[in-house]
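I kept these entries while going through a structure one part at a time. I wrote down what I looked up and what I found.

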Amino acid sequence: MIQEMKQFNVTGMSCAACSARVEKAVSSLEGVQSCAVNLLTNSMTVEGEIESDKIIAAVERAGYGATCADNREESSTENASHQKPLKSTETAALFKRLLWSLGFLVPLMYISMGHVMWKWQLPRFMENAVLIALLQAGLALIIMIINRKFFINGVRGVLHGAPNMDTLVSLGSGASFIYSAVLTLLIIIAASANDEVKAHGYLHGLYFESAAMILALITLGKMLEAHSKGKTTDALRSLMNLAPKKAILLVDGKETEVEASGITVGDVFVVRAGESFAADGVIIEGAGAVDESALTGESIPVDKSVGDHVSAATINKSGYLVCRAEKVGSQTALAQIIKAVSDASATKAPIAKIADKVSGIFVPIVMAIALVTTAVWLMLTQDVGYSLARGISVLVISCPCALGLATPVAIMVGSGMGARGGILFKNATSLEHTGGADIVVFDKTGTITKGQPSLTDVWCADGVEKRRLLSVAYSLEKKSEHPLSRAITVACEQMGTETIECEDFKVLVGSGIEGKIDGKPAFGGNLKLISEKIDLDGSVRRQADIYAEEGKTPLLFCHDGQLLGIIAVADTVKEDSVEAISQLHKMGIKTVMLTGDNKLTAKAVARQVGIDEVISDVLPNDKESVIRSLKSKGRVIMVGDGINDAPALTSADIGIAIGAGTDIAIDAADIVLMKNSLCDVPAGIRLSRQVLKNIKENLFWAFIYNVIGIPLAAGVWIPVFGWELSPMFGAAAMSLSSFCVVMNALRLNLFDIHNPKHDRITKHKNKKENKNMTKTITIKGMMCPHCEARVKKYLEAMDGVISAEVSHEKGCAVVTTDGSVSNEALTKTVTDIDYQVISVE
């Protein structure tokens, strides 16, 4: 049973009408939650709880073929890129078909156009109306047989109640041939009656060349389209080519060359300077510099030694390294990146729904227009051949393919570009929506700052020795994994500080740590925590504020009810943080810093980088509610490390995990930045905007082409301007339309996502009209911060409540709602947890 997204290869699709038909057939199955069919990759992604066989059967009932494509858990990295375009031979097959078609089309055109219309010479024995007509019929029939796939797919579509592009082409070509065949019969009858004038008159009305030329031109267009579609997967193909084909295993001290796909977990392999790693692993011997640019986009080689991890497809620039394989085949970082790009390309962007709706009804409408066109011209002119030509022109100029390709080609190219730059979009929705952000929220530590704090100051309370303060701090902090704790631990180790056994150690989330030293309670943490444990005088608070104003984090320590002092720790701002924030401002995006640090420290860091708004003193569990509140003001992007910020990343419209390196499997994030550069955030937004712009251009041209082309082919402008379109020119226009859409998408490869030169403030419709209401509840009975937290928790759990700021000191709660929450509901929630509501205003 399918529990998650699963992919299928779909065969037989030729246009957007086909993909719409397949999607409708599968979506109607019980148990299917979502279905997205990609015309570009001939793939289908299904989510739900249903057997694969039922899905395949539904596709087959719709007139197409399907096979399960999820074979990515096998041993080879290459299996991670199973998409058909990467291994497609479609272009070569179409080219061969085109050459054979042209071989018979040239003599057909010479006879039909050159001789009949322009009086070019033929051998004397061929200057016979019957022979000329039969030759044209024979040559046209051969070309139709060569391109029989159009007729097979077209008829199959009609039989399954799903006419497609091939149906239009086969109708146009078939109608031309049948009409010409009838005229050929009349030519034979006239010739047998020795009426040469009548026979040659019928000869000028033949459309055999149109029947053949339509097929040849459409085949030419299909070949150009297939070739350019192949170019859209260049990014994936280049990633696949990074994987080495060979590896050198070390077995019993001897080096043995094997196929890279033969490596298993636990194998020991050797990598010399200039060679690529064949698997993800850990270095067990040697040291060297490793070029990880192929995976992370980071151009500077990283020094690696024993114990460090390495990734498949990265290059050893120097040294002799012996490694133990930990992840192989489809489990390597390279395979996961390929999978991420492939999955993003297989999903469907919301903007594609417009084209999907049109594609589902496009072909039947075109067939109806063609029929009406033929009937109207027949009534106006009484000329069957002329009227039929107008109807055929409508059939062959109409192009549902361009509509179906408009979105997926741009998504494929855009996601591939992002992957090359270390920016991984997990689905098409995130690629479309990222560019429409109104607010970007940053975590502070490890996002704006380097996340590598160091000890800067030690301030001892009166009568306390520095040695004692450091000893207690070291004993507490060495059991914590927090970056601030590590900074104190490293400094104390370097100073040779004495450690004391710490018992009953606990982490107080968002505020500090506690334990027992020499059997007495000891605490370390922020000013709020320590002030709750012991009384602090004004001088201590002032000193803490001084450190905070300098951008440092003051950590206070007390033992056995006595304040020992303050240790200040500072985290330096990343080199590119200022530039990244500046670029976001030029895009018209508001920036917010969300941190658990105190207000003074947070504001000091915000001043350094130019952040618009600071929200400080926020516990990790409360970040989600802050994000919910900000979402009422527009589309929100949350940028964090993907671990501590998981709830906030999930709650935001778009979650971005930064500095992931080769760990791209961060479930909470919609986008994964493999480098630790904050400038990749505006780069991702820039790429999203460009992709969306490209999709809109593609859709515009796909729609406008049909809006202009169909009336022109139908002869609407003949009475006004005399504009007339022959079926052959209609087929030529159709063959180029899809090709132009794909080529426009390939222009994205020329776009520099890191260049802010053309950044503009984008006006979009994400900003939500603020209908929020703020109500102040006066509450009696709250005695401590625990009461605050309890009231806040229950209020924010209510439907319609965006946020609640509660103070036991002021005896009130300021609640922001979406306007749907009544005073009675708020009162009941508070009184149900045993507090008294005095008033709600």
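I started with strands β17 (residues 502-508) and β18 (residues 512-517), which pair in the antiparallel sense over five bridges. Strands here are DSSP runs of E with at least two residues, helices are runs of H or I with at least four residues, and both are numbered from the N terminus. Two strands count as paired if DSSP finds at least two bridges between them. β17 and β18 form a hairpin with three residues between them. In that turn, Gly-510 has a positive phi of about 85°.

I noted what kind of model this is before going on. It is a predicted model, in which local features need pLDDT of at least 70, side-chain atom pairs count only at pLDDT 80 or more, and totals for chains, interfaces and linings use all residues. Residues are numbered from 1 along each chain as its sequence is written, and side-chain values use heavy atoms, with hydrogens and water left out.

Next I followed β18 to its other hairpin. β18 pairs with strand β19 (residues 520-525) in the antiparallel sense over six bridges. Ile-513 has Gly-524 of β19 as its bridge partner. The hairpin of β18 and β19 has two residues between the strands.

I then asked where Asp-518 is placed. Asp-518 sits in the loop between β18 and β19. Its phi is near 55°, a positive value in a residue other than glycine. Is Asp-518 buried or exposed? Asp-518 is exposed, with a relative accessible area of 57%. The cut-offs are under 20% relative accessible area for buried, over 50% for exposed, and partly exposed in between, with a 1.4 Å probe and protein chains only.

I looked up Ala-313 for comparison. Ala-313 has a positive phi of about 80° although it is not a glycine. Ala-313 lies in the loop between β11 and β12 (315-316). Ala-313 is buried, with a relative accessible area of 3%.

Six strands form an open sheet in the order β6-β5-β7-β13-β8-β11, and the pairing is antiparallel. Its edge strands are β6 (254-259) and β11 (309-310), each of which pairs on one side only. I checked the β11 end: two bridges join β11 to strand β8 (residues 280-285), and the two run antiparallel. Gly-281 has Val-310 of β11 as its bridge partner.

I went on to another sheet. Four strands form an open sheet in the order β28-β29-β27-β30, with antiparallel pairing. Why is one side of β28 and of β30 left without a neighbour in the sheet? β28 (801-807) and β30 (836-840) stand at the edges, each with a single partner strand, so one side of each has no neighbour there. The twist in this sheet averages 25° from one strand to the next.

Inside this sheet I looked at β27 (residues 773-780) and β29 (residues 812-817), which pair in the antiparallel sense over six bridges. Met-773 has Thr-817 of β29 as its bridge partner. Helix α28 (residues 785-796) lies across β27, β28 and β29, and runs at about 165° to β28. Axes are lines fitted to C-alpha atoms, for helices over the stretch in contact, and angles run from 0 to 180 degrees between N-to-C directions.

I also looked up Lys-810, which is in the loop between β28 and β29. Lys-810 is exposed, with a relative accessible area of 68%. Lys-810 and Ile-779 are 31 residues apart in sequence and 9.0 Å apart in space, C-alpha to C-alpha.

My next entry is on two helices. Helix α21 (residues 577-586) and helix α25 (residues 680-714) pack at an angle of about 30°, with their axes 8 Å apart. α21 and α25 are therefore roughly parallel to each other, a label for angles under 35 degrees. Their contact (heavy atoms within 4.5 Å) is made by Ala-580, Gln-583 and Leu-584 of α21 and Pro-682, Ile-685 and Arg-686 of α25.

I ended with the whole protein chain. Its secondary structure comes to 29 helices and 30 strands. Of its 841 residues, 53% count as buried.

Key
Angles under 35 degrees count as roughly parallel, over 145 as roughly antiparallel, 65 to 115 as roughly perpendicular and the rest as oblique.
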